[in-house]
Amino acid sequence: MNKPIFSFVPGVQRRSVLLAGAALAAAPVLRAQTPAKVIRIGSPDLGTAGKPFPGGSVTAVLHANRWLEEEFAPDGIKVEWSFFRGAGPAVHEALSAKQLDVVALADLASVIGRARGLPTRLIAASGRGSNSYLATAPGVSVKTVADLKGKRVTVLKGTAYQRPFDNLLASAGLTEKDVKLINMDWPSSKAALVAGQIDATFGGPDLFLLQPKGVGIALSTKGLGPAYTIQSGLLATQDFLSGQPQLAQRLVSQMVRAAHWASQEGNREALIQLFADRSGSPEVAFREELAGERLASRFSPLLDEGLIASYQGVLNDGLKHGLLRQGFDVPTWFEPGLVQQAVKTLKLDNQWPETDASGKLKGKA
């Protein structure tokens with residue numbers, strides 16, 4: 001992998017980040033604060049062949065380079081990563097049990113957790129506009145969404161893929177009741193698909209891994225618009241933000257560092273290789289996913305109007321499709337100050353243009 005094109009200046013930038021983080025909390029809280037001994041990070045496991053992988057996002061860059069471990073080791077603080085095969089629902093259980101401080105989740109799972117009362121705040125974006133794919137079992141022909149009627153299809157419910165799948169069905173006048181929908185985790189879905197026990201499964205680019213086994217990629221959400229894409233982000237518990245504001249700021253600064261590296265077009269091949277090596281999926285999966293995409297747009301960490309609008313759309317669709325029972329105030333859920341401070345400290349003010357509520361770059365027609 002190429003070396004990062006900038007690095008922290010020991011002491012100077014760290015002190016700046018610490019001071020910025022201190023400003024986030026009231027003085028009485030800071031006086032009583034004791035630095036944590038461990039920072040517990042959770043993520044769905046999107047890898048294959050036993051390789052833990054937090055998905056093709058900025059979080060994967062952060063995890064692969066061990067930049068958090070490098071940042072906190074001098075303070076004797078351990079960074080503990082946990083990967084959950086049960087995806088969003090399993091991460092929610094761990095959050096409810098107060099076993100995690102920070103989680104990397106895609107949009108629907110994040111929204112479902114917040115709507116159910118989990119005390120989280122969204123502190124950084126890790127990926128925007130990810131696509132989904134429908135893979136079919138050997139010998140099964142699906143050419144249009146309408147062809148899914150009556151088919152045995154697996155989707156892991158409560159994950160980000162459920163929303164674009166339901167929106168795809170709706171585009172053909174269908175609902176989940178019109179297919180034989182099976183709730184199944186990703187490893188089990190892949191095995192069932194290859195064995196012909198189901199007709200199709202809906203998920204991420206890792207499904208390209210199954211093509212040599214006769215599996216077809218029948219449909220893609222690529223180019224269909226915001227209602228069919230997935231956003232992902234980093235969330236922190238309110239306890240962690242309130243109790244460890246300096247650590248939260250330093251963590252987000254490393255996230256922004258990773259976003260900067262991932263956003264460089266000169267790192268495209270290295271990024272694809274990193275995703276493939278860490279996930280166990282073929283390069284073609286990530287090459288296809290990122291084809292035609294501007295990396296700075298895909299991996300911007302900013303919590304801007306465009307991202308807020310995307311999550312509002314997820315909430316609205318969740319209510320419409322019956323995936324949520326109640327809503328919440330989406331804009332107040334976002335905590336943009338940490339990313340803003342990191343961007344300022346790392347002198348990356350012009351790296352990522354902000355998007356407006358329509359998703360367009362600000363200042364452009």
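Trainee: By class, how many nonpolar, polar and charged residues does the lining of the second largest cavity have?

Mentor: A cavity is a set of points, on a 1 Å grid over the protein atoms alone, where a 1.4 Å probe fits but cannot get out, and its lining residues have an atom within 4 Å of a point. Ala, Val, Leu, Ile, Met, Phe, Trp, Tyr, Cys and Pro count as nonpolar, Asp, Glu, Lys and Arg as charged, and the others, Gly among them, as polar. The lining here consists of His92, Leu95, Leu105, Ala109, Ser110, Gly113, Arg114, Leu118, Thr120 and Leu235. By class, that gives five nonpolar, four polar and one charged.

Trainee: What kind of model is this, and at what pLDDT do side-chain atom pairs count?

Mentor: Residues are numbered from 1 along each chain as its sequence is written, and side-chain values use heavy atoms, with hydrogens and water left out. This is a predicted model in which local features need pLDDT of at least 70, totals for chains, interfaces and linings use all residues, and side-chain atom pairs count only at pLDDT 80 or more.

Trainee: Which element supplies the largest share of the lining of the second largest cavity?

Mentor: Helices (H or I, at least four residues) and strands (E, at least two) are DSSP runs, numbered from the N terminus. Helices α5 and α6 (107–115) each supply at least two residues of this lining. The largest share, four residues, comes from α6.

Trainee: What volume does the largest cavity have?

Mentor: There are two cavities of 30 Å³ or more. A volume is the space filled by probe spheres set on the grid points, which are joined across faces, edges and corners. The second largest cavity holds about 30 Å³. For the largest cavity, the value is about 530 Å³.

Trainee: Which strand gives the largest share of the lining of the largest cavity?

Mentor: This lining has 37 residues, with Leu46, Pro54, Gly55, Gly56 and Tyr161 nearest the centre of the cavity. By class they divide into 18 nonpolar, 15 polar and four charged. Several elements each supply at least two residues, among them β1 (38–44), α5 (87–96) and α11 (268–279). The largest share, four residues, comes from β4.

Trainee: Which helix gives the most to the lining of the largest pocket?

Mentor: A pocket is an open set of points with protein on both sides within 12 Å along at least five of seven lines, and the largest one has a volume of about 660 Å³. Its lining has 31 residues, of which Arg128, Gly129, Gln231, Ser310 and Gly359 lie nearest the centre, and the classes are ten nonpolar, 14 polar and seven charged. At least two residues each come from β4, α13 (295–298) and α14 (305–320). With six residues, the most comes from α14.

Trainee: Which strands form the edges of the open five-stranded sheet?

Mentor: The strand order is β7-β6-β8-β5-β9, with mixed pairing. Two strands pair if DSSP finds at least two bridges between them. The strands that pair on one side only are β7 (180–182) and β9 (216–220).

Trainee: At what angle does helix α8 run to β8?

Mentor: Axes are lines fitted to C-alpha atoms, for helices over the stretch in contact (heavy atoms within 4.5 Å). Angles run from 0 to 180 degrees between N-to-C directions. Helix α8 (residues 186–194) lies across β5, β6 (152–154) and β8 (200–203), and its angle to β8 is about 150 degrees.

Trainee: Is Arg163 buried or exposed?

Mentor: Arg163 is in helix α7 (residues 162–171). Leaving out residues up to four places away in sequence, its contacts include Leu108, Pro226 and Asp317. Buried means under 20% relative accessible area, exposed over 50%, and partly exposed in between (1.4 Å probe, protein chains only). Because its relative accessibility is 5%, Arg163 counts as buried.
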